[in-house]
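Thank you for making time for this today.

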Amino acid sequence: IHINARRVREAEAVLASVPSNERGAEWYYLRGVTLMMRGQIIDAGRCFDIACDRDPANEEYRETREQFRARAAGYGGGTYTVNTGCADSFCDCVKFCVCMNLCVGGPCC
């Protein structure tokens with residue numbers, strides 16, 4: 001809910017409240033989204049990588065990571081060097097998917 005409403009601080013507070021030993025693939029995926037919204041692209045990319053490593057069968061995580069890498073490569077020569085906000089259609093799609101998964105409980109794409 002917080003991510004969809006662009007309340008990054010609140011989303012980060014909820015994520016921070018999860019004990020480190022309970023942080024699974026979904027936690028890293030959502031943390032990647034909040035970092036992306038803040039423009040912290042390198043850290044966001046790392047979180048998407050961890051989410052995919054922890055749940056390699058999750059197509060949503062893989063698709064998000066690949067879209068993220070493609071966009072980052074377009075801006076920074078193949079690395080996670082983009083320093084931008086999250087006000088474009090890709091980010092809107094990510095936020096929509098996160099909202100659908102959290103609010104409805106099913107895959108969005």
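Predicted model: local features only at pLDDT ≥ 70, side-chain atom pairs only at ≥ 80, totals over all residues.

Let me begin with the largest nonpolar core, which has 21 residues, and in which Tyr29 and Phe48 touch the most other members. By a nonpolar core I mean a set of buried Ala, Val, Leu, Ile, Met, Phe, Trp, Tyr and Cys residues joined through side-chain atoms within 4.5 Å; buried means under 20% relative accessible area, exposed means over 50%, and partly exposed is in between, with a 1.4 Å probe and protein chains only. The elements that give two or more residues to this core are H1, H2, H3 and H4, and H2 gives the most, with nine residues. Helices here are DSSP runs of H or I with at least four residues, strands are runs of E with at least two, and both are numbered from the N terminus.

Residues are numbered from 1 along each chain as its sequence is written, and side-chain values use heavy atoms, with hydrogens and water left out.

Let me turn to H2 itself. H2 has 14 residues and reaches 20 Å from its first C-alpha to its last, close to the expected 20 Å, where the expected span is 1.5 Å times one less than the number of residues in the helix. H2 is mostly covered, as eleven of its 14 residues are buried, among them Ala25, Leu30, Gly32, Val33 and Met37. Just after H2 comes Gly39, which takes a positive phi of about 85 degrees.

H3 also deserves a word, since H3 has 14 residues and spans 20 Å from first to last C-alpha, again close to the 20 Å expected. The buried residues of H3 include Ile41, Ala44, Asp49 and Ala51. Two cysteines in H3, Cys47 and Cys52, are buried too, with relative accessibility of 9% for Cys47 and 4% for Cys52. How many disulfides does a search of the whole structure find? The search finds zero, a disulfide being a pair of cysteine sulfur atoms within 2.5 Å.

Now to the aromatic rings. Rings of Phe, Tyr and Trp, taking the six-membered ring of Trp, pair if their centres lie within 6.5 Å, and planes under 30 degrees apart count as stacked, over 60 as edge-to-face and the rest as tilted. By this rule the count comes to four aromatic pairs. One of them is edge-to-face, between Trp27 and Tyr28, at 4.9 Å centre to centre and with 80 degrees between the planes. Trp27 counts as buried because its relative accessibility is 13%, and Tyr28 counts as buried because its value is 16%. Tyr29 and Phe48 form a tilted pair, 5.9 Å centre to centre with 50 degrees between the planes. This pair links distant parts of the chain, with Tyr29 in helix H2 (residues 25–38) and Phe48 in helix H3 (residues 41–54), 19 residues apart. Both partners are buried, Tyr29 with a relative accessible area of 2% and Phe48 with 1%. Ring pairs also link Tyr29, Phe48, Tyr61 and Phe68 into a cluster.

Finally, the charged residues. Side chains of opposite charge can pair when their charged atoms come close. Counting a salt bridge as a side-chain nitrogen of Lys or Arg within 4 Å of a carboxyl oxygen of Asp or Glu, a search of the whole structure finds seven. In one of these salt bridges, Arg38 meets Glu12, with the closest N and O atoms 2.8 Å apart. Arg38 lies in helix H2 and Glu12 in helix H1 (residues 8–16), so this pair ties together parts that are 26 residues apart in sequence. Arg38 is partly exposed, at 40% relative accessibility, whereas Glu12 is buried, at 18%.

Glu66 forms a salt bridge with Arg65, with the closest N and O atoms 3.5 Å apart; Glu66 is partly exposed at 41%, while Arg65 is buried at 14%. Glu66 also meets Arg69 in a salt bridge at 3.6 Å, N to O, and because Arg69 and Glu66 are three residues apart in helix H4 (residues 59–76), about one helical turn separates them. Arg69 is partly exposed, at 32% relative accessibility. Salt bridges that share partners join Asp49, Arg65, Glu66 and Arg69 into one network.
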